[in-house]
Amino acid sequence: MPDNILFGRDKELATVDELVDGLPERGSALLIQGAPGIGKSSLLAHAVARAQSSGITVLKASGVQAETHLPFAGLHQLTRTMMDRVSGLPPAQADALRSAFGMAEPSSDTSAPQFFMIALATLSLLGEAAADIPVLLVVDDAQWLDTPTLDVLGFIARRVGAEPLGLLLALREGHTASLATLDIRALHLRPLEPTAADALLDARKPGLGPGVRRRVVDTAAGNPLALIELPIILGAEATSESVASTTLPLTTRLERAFASRLADLPSDTRSALLVTAADDGDALAEVLAAVSTLTGTEISVRSLEPAIAARLVFADEFHIGFTHSLVRSAVLGSATLTDRLAAHGALADILHGQPDRQAWHRAAAIGRPDEAVARELDQVALRARGRGATAVAMTALERATALSEFPEGRAARVLNAAELGLELGKTDHASSLLRQAEPLEFGVRERARLLLLREGLEVEVATSIPRLHLLITTAERVSEAGDPELALRLLRTAARRCWWSDPGRELRERVVAAAERLPVPELHPDLVYTLATATPVERSGTVLDRLERLERQGGYDFLAAATLGTAATTVNAYDHAIGFLQHAAAGLRAQGRLGLLAQTLVSLALSAVHTVDWETGLPAAAEAMRLAEENAQPRWLAGARIAKAQFAALHGDLDTALAVIGEAEGRGLSVANPSGLAFIQITRGLIGLAAGNHAETFHCVWRVFDPADPAYHPFLQTIAIAELAEAATGDDQRAMARAALRQLDATAGSSEAQLTRINLGFAHALLSEDEHAEERFRAAFDLDMSHAPFTRARLMLAHGAWLRRQRRVMEARAPLRIARESFAALGVEPWCERARQELRSAGEGSKRQSRTDWDLLTPQELQIAQLAAEGLSNKEIGQQLYLSPRTIGAHLYRIFPKLAITSRGQLRDKLSAG
């Protein structure tokens with residue numbers, strides 16, 4: 001078969017040449033798609049030759065259908081020549097890559113390398129090599145790569161822009177689903193034009209008779225491989241219905257064309273081809289050994305010579321492979337089921353010392369349930385998890401489920417597989433597995449696990465009261481069965497539902513009572529979380545006490561810190577939340593748990609809004625958006641957008657705020673998520689205040705207080721009441737706001753959360769009648785607002801404005817000056833301008849402040865500048881942000897001119913001065 005079929009491919013060649021020739025200056029990625037035989041492999045071969053002639057390092061891999069279950073098999077193909085560089089990577093990355101390739105002992109579930117650490121290690125490895133010589137990754141038949149490798153390539157494809165690193169993938173048409181997340185340029189190969197088809201036929205098969213030529217041209221329909229292969233059989237058997245039939249797809253015709261050559265081969269050659277097709281490796285010795293086992297006679301390489309002569313396979317001293325993937329499918333398709341099973345059995349018999357491959361072949365050789373093989377696949381799944389290949393582990397468990405002989409084993413495996421599917425974000429797949437589980441008999445613990453899995457999938461029933469009852473009763477049964485940790489997980493889930501949508505105090509108290517009966521430590525993070533989210537007002541004092549004790553004692557890991565930080569946000573203890581969340585984010589980054597990191601960063605960004613901490617909140621929101629989008633987390637992407645919109649509103653960038661909140665509202669939220677809808681309305685209210693549109697603000701924020709509105713949320717009212725009070729200007733609005741405040745006093749007035757008390761005090765001051773206003777302002781100022789500088793400045797502004805309206809102009813100037821300076825220091829321009837206007841009305845001029853240095857940077861640039869100012873190298877910054885060192889360098893190249901500096905040493909002074 002020809003190595004290059006490039007007739008009529010001038011435009012496609014130019015595209016590939018552009019990618020290769022541009023590598024020294026910039027990275028790029030290209031996906032080549034087309035039908036079998038259309039020329040994808042030829043374009044790749046051309047790219048390889050051009051790259052090698054230009055001195056570019058080429059790393060190649062080819063997907064094999066039989067290898068899709070081998071974790072990181074494709075990635076190892078790509079990088080095996082670079083393994084000597086692994087020791088130069090940061091230790092965590094080096095360990096992750098070695099573990100992924102089975103070069104280290106598999107880890108336990110808790111310490112297994114996370115996918116993103118493996119992906120970052122690969123990017124670092126390639127980036128280090130590309131720093132010396134540009135690197136081109138070339139992957140053929142990408143549709144058959146193992147899922148973990150595809151995911152790593154997706155990670156790299158999104159980051160190649162700043163590296164002299166190219167990615168060239170060839171993909172068979174109809175197999176795009178697994179690569180749908182790769183947002184890269186695609187090149188679709190079409191059939192050859194008639195002129196090019198004629199030229200190819202003349203060059204490769206001259207002298208064809210007119211009849212055969214016409215049939216070849218008609219049947220091939222511009223497919224280059226068909227133009228070369230079909231004449232062989234059509235010329236020999238002009239009446240061959242199997243090939244000439246116009247009802248068959250061209251791929252099937254080509255497979256049959258290849259299969260027709262098999263009949264004339266010796267039986268031992270056919271056996272060797274079948275074993276080669278069933279094998280998930282390419283070792284010649286391995287194939288010969290398995291064929292010898294299969295046939296019962298010693299087979300040598302001589303048996304392969306007829307297949308090599310027929311151009312069906314190629315072989316060297318150590319390896320064997322098919323000349324085209326269609327030959328493999330033709331061999332498998334023409335074999336009987338009995339023969340295929342026997343071929344897999346023979347491979348399993350000779351794969352000593354390779355337990356994973358042996359287990360897969362044994363599974364493929366069994367046509368019935370077999371518990372022993374199912375248990376072997378359980379171990380395959382365990383080892384795959386230890387290598388960070390969760391997708392492979394799920395596939396192994398699914399196959400083990402099908403081979404299970406006993407109901408209890410089948411039930412456990414299908415639940416384990418569904419849990420992994422949920423972890424991978426494959427919700428449709430996980431749902432399908434749960435449907436398979438429905439007829440099975442489960443014990444108490446298994447039924448609890450099934451319920452938790454459904455919780456992870458059925459977010460649209462967040463307001464379901466029956467589901468809450470089921471969670472509580474199931475938790476009580478699990479506790480009685482002796483598993484308090486699982487019971488607490490159920491109650492934590494129930495508490496989260498209570499916070500999303502209030503089911504009423506009685507049911508919330510029942511959740512807490514059940515949790516407090518469990519024999520777990522009172523500082524257990526999940527218990528603190530349950531108290532906080534189920535009873536954020538009623539148990540706020542208890543939650544705050546336990547958070548403070550945990551802060552003093554320490555000793556909690558980063559996963560516990562993520563839970564505690566979220567718990568703190570639900571009781572409005574944002575000053576406590578930030579410390580926990582920053583600790584959690586550092587640990588999650590270090591282990592590559594980027595899915596949970598996105599959630600944690602959303603909570604961190606929203607917490608930073610309340611202290612107007614731009615340097616923490618803006619980078620957190622930007623990074624959360626990037627990670628949530630990459631990990632397909634619509635809820636957390638919406639949360640990150642909410643935080644970004646709130647910061648934009650505070651800064652006075654109203655166009656950005658409106659655009660971003662519109663995106664958040666349009667995606668990832670539903671009426672089954674009242675807390676998300678409430679955050680949206682609160683954010684729209686903040687935007688309205690920034691724009692000076694009090695009527696719009698009141699309309700939006702009132703929805704959070706209206707029990708008939710989908711955005712109604714009694715717990716978030718403790719945040720929204722400050723905006724509602726500031727927006728209430730008319731008599732009717734002030735009356736409505738006062739009624740809402742009285743209701744909040746009754747439900748949340750006893751809260752010990754400082755921010756809740758501050759917001760209530762702020763609202764009382766702004767909504768009081770004039771005769772009580774002085775007293776209300778004084779009471780509000782007596783509260784500790786050290787962690788709420790924005791609210792304190794707003795209170796100063798409101799007090800100064802009230803004094804001016806009372807014609808106490810001289811007294812008004814002092815609080816208005818404090819408000820103006822506070823707003824300026826915080827960088828909240830709309831409120832600063834309002835304070836300046838009030839001061840002018842009070843007879844005092846005021847100058848507009850100049851922009852701060854951090855204001856010149858994008859959120860990601862700010863984050864990089866902060867880390868560089870701390871003395872971190874480009875490589876260390878890249879490790880934290882899961883970007884390449886070259887990308888970090890490109891950002892710094894843009895940062896320095898913006899800040900009017902020339903060296904990293906000036907960063908710290910510039911940012912602190914800003």
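## Aromatic clusters and pairs

In this predicted model, F115, F116 and F155 are joined into a cluster through ring pairs. Across the whole structure, a search finds nine aromatic pairs. One of the pairs is formed by W702 and F705, whose rings are stacked, with 6.0 Å from centre to centre and 20 degrees between the planes. The two partners can also be described by their accessibility: W702 has a relative accessible area of 23% and is partly exposed, whereas F705, with a relative accessible area of 7%, is buried.

## A tilted pair between two helices

The rings of F777 and W802 have centres 6.1 Å apart and planes at 40 degrees, and the pair is therefore tilted, since stacked planes would have to be under 30 degrees apart and edge-to-face planes over 60. F777 belongs to helix α39 (residues 770-781) and W802 to helix α40 (residues 789-805), so the pair ties together parts that are 25 residues apart in sequence.

Both residues fall under the 20% relative accessible area that marks a buried residue: F777 is buried at 3% relative accessibility, and W802 is buried at 6%.

## A negative patch on the surface

On the surface, E548, E551, D575 and D784 gather in a patch of negative charge. Within this group, E551 is found in helix α27, which covers residues 540-553. The relative accessibility of E551 is 36%, so this residue counts as partly exposed, a class that lies between buried, under 20%, and exposed, over 50%.

Conventions: Residues numbered from 1 in each chain as written. Predicted model: local features only at pLDDT ≥ 70, side-chain atom pairs only at ≥ 80, totals over all residues. Heavy atoms only, no water. Patch = residues over 30% accessible without salt bridge, like charges linked within 9 Å, V, L, I, M, F, W, Y side chains within 5 Å. Areas by Shrake-Rupley, 256 points an atom, 1.4 Å probe, with all protein chains shown as cover. Salt bridge = Lys/Arg side-chain N within 4 Å of Asp/Glu carboxyl O. Lys, Arg positive; Asp, Glu negative; His and termini not counted. Charge placed at Lys NZ, Arg CZ, Asp CG, Glu CD. Helix = DSSP H or I, 4+ residues; strand = E, 2+ residues; numbered from the N terminus. Buried < 20%, exposed > 50% of the residue type's maximum accessible area, 1.4 Å probe, protein only. Phe/Tyr/Trp six-rings, centres within 6.5 Å; stacked < 30°, edge-to-face > 60°.
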